[in-house]
Amino acid sequence: MTDNTATLTIDGKSYDLEIFTGTENERSIDIQKLRAQTGCITMDPGFGNTGSCFSSITYVDGANGILRYRGYPIEELAEQASFVEAAYLILYGELPTPKQLALFRAMLAEHAQLHTSLEHHFSGFPKNAPPMAILSAMLNLVSCFHPEVLEVNSEGPEFDKTVALLLSKVRTIAAFSYRMAAGKPFMHPNPNLSYCSNFLHMMFSDPYREYIATPVVDKALNLFLVLHADHEQNCSTSTVRVVGSSRANLFSSVSAGVCALWGPLHGGANAAVIRMLEDIKLSGKPISHYLDMAKDKNHDYRLMGFGHRVYKNFDPRSIILKKRVYEVLDELQQQDPLLEVALELEEKTLKDDYFIERNLYPNVDFYSGILLRAIGIPLNMYTVLFAIGRMPGWIANWRELLEHNQRISRPRQIYTGEGSRPFVPLAKR
Ligand code: ACO
């Protein structure tokens with residue numbers, strides 16, 4: 001391997017493969033012509049070593065715990081940016097000027113309402129329907145009520161309008177799914193409220209008592225959403241890209257992203273962590289019992305909120321969340337017994353050889369549930385909140401895919417089934 005070329009030798013024949021280098025000196029070997037030249041494909045289930053695109057949105061350095069949106073470190077964004085600012089940055093590549101931000105906020109306010117006919121669809125769901133299923137279905141349905149968005153491409157005023165519509169309506173749909181399940185009337189959006197306060201108003205206000213989010217709660221939710229706004233080619237974002245690569249519209253693409261996020265190995269982990277901590281607390285069993293189960297290869301138990309495909313040292317988002325959880329509980333004058341369990345679990349895990357050898361550290365989901373609990377978000381809405389946060393990243397990746405005119409996603413496989421055999425008629429089986 002040289003700076004620019006890698007040499008691959010198969011059956012004594014050598015092939016020069018170009019090396020691409022990214023902004024931060026990450027290197028990749030170009031195998032786009034590999035099968036045509038050699039007849040071979042590469043094998044990488046789970047795509048741990050496979051680059052699927054060039055992207056200028058988010059940079060993650062897993063070894064050093066670095067995360068940047070458009071070059072800005074997550075620590076600085078978490079401290080200083082609102083979710084709406086971070087969303088604008090991710091979508092448009094630059095921080096908004098005050099005028100751009102005001103315009104963006106006005107567009108979000110304008111598009112918050114759902115079409116009345118769309119609202120009626122909520123009554124068709126059973127009361128105990130999972131909010132992630134509702135979210136995915138309703139996001140797809142939005143396009144039926146705004147057919148113009150089906151034609152939207154990656155730029156221009158129509159794209160801007162569609163972005164605002166999606167970012168705004170996802171929050172209304174999420175809040176309405178909660179109200180429907182609680183048997184409460186829908187609270188319509190209030191255009192005078194900030195993005196997060198408006199969501200909390202739609203969740204918790206009643207006709208006779210308006211919920212007004214305190215600055216602490218508003219800030220905590222903003223932080224949660226900023227930390228989840230993008231994370232390069234994770235499972236749900238790759239799903240959005242795969243679906244979008246067939247030139248499926250933005251709404252179907254992000255609706256598929258919601259489904260991918262739902263799983264407990266991905267976004268569903270934030271709720272699974274709380275269930276795990278509650279289970280540990282209620283059982284009265286020592287932490288070592290749960291560590292043993294997680295280490296036992298005959299058991300499929302895993303410590304939720306631990307481990308990450310990319311972060312092999314620490315997840316910067318979990319460090320930020322852990323610090324903020326203390327502050328929020330303090331500011332709200334609350335105590336959470338699950339925080340003690342979480343701290344003990346983290347401490348014991350970080351000293352355990354099994355977890356040390358495998359580089360398993362708390363990820364973003366480990367402390368995020370405790371933050372959401374503190375501000376009153378019900379457990380079944382945690383992953384929905386993740387989806388609201390991830391929406392800018394999904395949209396930006398969908399847009400980038402179109403801008404790069406990327407080919408349709410179509411991985412290969414190595415077939416390991418039966419060889420060719422003659423059909424056996426039913427009477428002879
Ligand atoms: N508990 C116990 N063991 C674990 C855990 C865990 N949470 N995570 C990984 N391991 C072990 C695996 O059993 C495997 O051990 P082995 O080498 O002896 O077979 C090794 O660590 C590597 O694990 P993989 O599953 O190969 O790692 P992968 O990169 O494929 O998976 C994942 C990453 C899905 C995050 C995994 O660590 C996990 O399941 N964590 C728990 C769920 C979770 O918190 N998901 C949220 C991730 S963050 C996000 O999506 C927003």
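**Aromatic pairs and charges over rings**

Y301 is buried, as its relative accessible area is 19%; buried means under 20%, exposed over 50%, and partly exposed in between, with a 1.4 Å probe and protein chains only. The model is predicted, so local features need pLDDT of at least 70 and side-chain atom pairs pLDDT 80 or more, while totals for chains, interfaces and linings use all residues. Residues are numbered from 1 along each chain as its sequence is written, and side-chain values use heavy atoms, with hydrogens and water left out.

The structure holds 15 aromatic pairs. Rings of Phe, Tyr and Trp (its six-membered ring) pair if their centres lie within 6.5 Å; planes under 30 degrees apart are stacked, over 60 edge-to-face, and the rest tilted. One of the pairs is F20 with F54, which is edge-to-face, at 5.2 Å centre to centre and 75° between the planes. F20 counts as partly exposed because its relative accessibility is 23%, whereas F54, at 53%, counts as exposed.

The rings of Y290 and Y301 are tilted, because their planes stand at 50°, with the centres 6.1 Å apart. Y290 is buried, with a relative accessible area of 3%.

Ring pairs also link F306, Y354, F355, F366 and Y367 into a cluster. The charged end of R358 sits over the ring of Y354, 3.9 Å from its centre. For this, CZ of Arg or NZ of Lys must be within 6 Å of the ring centre and within 35 degrees of the ring normal. Likewise, the charged end of R171 sits over the ring of Y195, at 4.3 Å from its centre.
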